[in-house]
Amino acid sequence: MNEPARPQGRRLIQLDVLRGIAVLMVMLNHVPHDGTKSFSLIRSLVAPFEVGYWSGVDLFFVLSGFLVGGLLISELRARGEIDLKRFWIRRGLKIWPSYYLYLAYLVVLTALVYVDRTVPRGQLTALMVHAKKFVYLQSYASFSKPPALVFGPGTHTWTLAVEEHFYLLLPLLLVFSGKRWRTILPVVSIALLVVCLAIRLRSFHQPMNWTWDYQVTHKRIDALFFGVLLAFLAQTRPGFLAAIGRWRPLVGVAGLLLIAPMFFVPLDSGFVKTFGYLMLSLGYGCILLTFVSSEPGHGLLGRALATRPARVLAWVGFWSYSIYLWHMEIVSLMNSGPAERWFDGFPSDLRLLVYLTAAISVGVLMGRLIEKPALTWRERYFPSRSPNSPVPEPAVVEDDDPGVADQEVPPAVEPAST
C-alpha cells in the first residue's frame, strides 16, 4: 500500500486504532434514518451504546492534544525553541487542502439545492451561509438540533474550528512562556480543566443550547489541553509510561468507568454538559495511556492490537480526517429525495453497512486524491523539526485530525504489516 512519504520514526498502531474507534463512533452517531421494521442484528448490538457515540469527538480532542502537544514539546526539548511559521505551514498543509475543497463543495451544493438558484445571487447567498466556516468560527454558529440529527451542510465541522483555535493558542503559549514553559504548560492545562468546568456549570440548570453548551471552543478546549498534559508527562517525567504500564488494567478500567455514564445519560442533561465533558477528557485520557503503554503482541490488549481486525481499524483511523469530513454527505444523500425512498427498501443491517462502507470509501478516496499529495509535498519542502522521542508518542508519530479530527496524519502507516 502506498502512503504519504514519512519523516523519521514509525507509526503507532495503538493511536490509529483509537482514531478508527473515534471516527466510527461519530459515524454511528449520525446513522441515516431507518424506517424499516425488519430485524436488525447489527443495530441491536450497537444500539445499547448509541446515547454516547457523540463522545467520539472528545476522544479526537484528547488525541489531538496528545499528538500536537507532543510534537511541540519534542521540538522545544531538542531545539529550545519552536518554529511557529513551519508549524503553522505544516498544520495548514495537513488540514486546509481537504477542508477548503470540502467547503467549495458545500457552497456549490448550497447554491444548487438549498438557496435561490439564480446567478449570482444564489452563489453569494451560499457563500454567506458558509462564511464562518472559511475563518473557523463555526463553533460559535447556532444550530437548533442535537448532534445525532442532520442539521445542515457542514455543521459537523465545528470540531475542526475548535482544533484550529487550539493550533493557534498552544504554540503561542509555549513561545510566550519562554524558558518557563515546563512550569506554565502543565499549570495552564490543569487550570483549563477547572475553568472550563466552572464556565459550563453556569448553565447546569438551563435547557440545552446546542451551540453554547456543546460546541463553543471556550467550553471544550480543556479536552485538548488535557491531551497536552499527558504528552508533557510522557516526555518530561522519566518512568511515567512505565508506571502506567504496571498499572495498565486499573488505568483502563478507570477510563471506562469515567466515560460510561455518557453512554446512558442523555447529552442534554445538566450532568453531561458540565461534569460529563470533564469525565470524558479524563476517561479518554486514561484509555489513551492504556493503549500507548501496550506493546502489540504482549498482554491482553497487545494481542488484540496485533490482530487483523485491529489492523483494519487502524487503516480506517489513518484516513479518519477525510472520512470525518465527508461522511455527513453520505448521510444527507441517504436521508433525502429519491435516494431515501430507494434505501428505505433495504433491510436495516444492509442499510447500515452501505452507509459505513460508502462513507469510508469516499473518505479514503478523497484522502488519496487530496490529503496524500499535500502531505507528500509538505514533507518534501517543510519536513518536521521534531526529533524522535524516547517514548512512544507524538514525537514519533505525527498527529491526527478529528476529528475529529483533524489531526495531522503521519506520512506513513503500516497497519497492514505490523
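## Aromatic pairs

Y105 is partly exposed, with a relative accessible area of 31%; on this scale, buried means under 20% relative accessible area, exposed over 50% and partly exposed in between, for a 1.4 Å probe and protein chains only. Y102, by contrast, is buried, at a relative accessible area of 0%. The model is predicted: local features need pLDDT of at least 70 and side-chain atom pairs count only at pLDDT 80 or more, while totals for chains, interfaces and linings use all residues. Residues are numbered from 1 along each chain as its sequence is written, and side-chain values use heavy atoms, with hydrogens and water left out.

Rings of Phe, Tyr and Trp (for Trp, the six-membered ring) pair if their centres lie within 6.5 Å; planes under 30 degrees apart count as stacked, over 60 as edge-to-face and the rest as tilted. A search of the whole structure finds 21 aromatic pairs. One of them is the stacked pair of Y102 and Y105, with 6.2 Å from centre to centre and 25 degrees between the planes. These two tyrosines both belong to helix α4 (residues 84-114), where they are three residues apart, about one turn of the helix. F166 and F225 form an edge-to-face pair, with 5.4 Å between the centres and 90 degrees between the planes. F166 lies in helix α7 (residues 158-177) and F225 in helix α9 (residues 217-236), so this pair ties together parts that are 59 residues apart in sequence. F166 and F225 are both buried. Elsewhere, W54, F61, W158, W210, Y214 and Y277 form one aromatic cluster.

## Overall architecture

Of the 418 residues in the chain, 57% are buried. The accessible surface comes to about 17,400 Å², and 68% of it belongs to carbon and sulfur atoms. Accessible areas come from the Shrake-Rupley method with a 1.4 Å probe, and for residues only the protein chains shown count as cover.

Contact means heavy atoms within 4.5 Å. Among contacts in the chain with a separation of 6 or more, 81% are between residues 24 or more positions apart.

## The second largest pocket

The second largest pocket holds about 320 Å³ of space. Its lining has 16 residues, of which I21, M25, I259, F263 and Y284 lie nearest the centre of the pocket. The elements that give two or more residues to this lining are α1 (13-29), α11 (248-259) and α12 (272-292). The largest share, five residues, comes from α1. By class, the lining has 16 nonpolar, no polar and no charged residues.

A pocket is found on a 1 Å grid over the protein atoms alone, as an open set of points where a 1.4 Å probe fits, with protein on both sides within 12 Å along at least five of seven lines; lining residues have an atom within 4 Å of a point. Grid points are joined across faces, edges and corners, and the volume is the space filled by probe spheres set on the points. Ala, Val, Leu, Ile, Met, Phe, Trp, Tyr, Cys and Pro count as nonpolar, Asp, Glu, Lys and Arg as charged, and the others, Gly among them, as polar.

K273 is found in helix α12 and counts as buried, at 1% relative accessibility. The C-alpha atoms of K273 and F204 are 7.5 Å apart, although the two residues are 69 positions apart in sequence. Leaving aside neighbours within four places in sequence, K273 is in contact with R200, S203, F204, Q206, P207, M208, D213 and L267.

S322, in helix α15 (residues 320-334), is also buried, with a relative accessible area of 1%. The C-alpha atoms of S322 and L365, 43 residues apart along the chain, are separated by 8.5 Å. Not counting residues up to four places away in sequence, S322 touches S98, G363, M366, G367 and E371. R43 lies in helix α2 (residues 41-46), and a C-alpha separation of 7.8 Å brings together R43 and S348, 305 residues apart along the chain. Under the exclusion of residues up to four places away, R43 touches V31, P32, D34, S348, D349 and L352.

## An exposed proline and a positive phi

P309 is placed in helix α14 (residues 308-318) and is exposed, with a relative accessible area of 59%. P309 and V17 are 292 residues apart in sequence and 9.7 Å apart in space, C-alpha to C-alpha.

Y136 sits in the loop between α6 (131-134) and α7 and is buried, at a relative accessible area of 5%. Phi of Y136 is near 55 degrees, a positive value in a residue other than glycine.

Terms used: Helix = DSSP H or I, 4+ residues; strand = E, 2+ residues; numbered from the N terminus.
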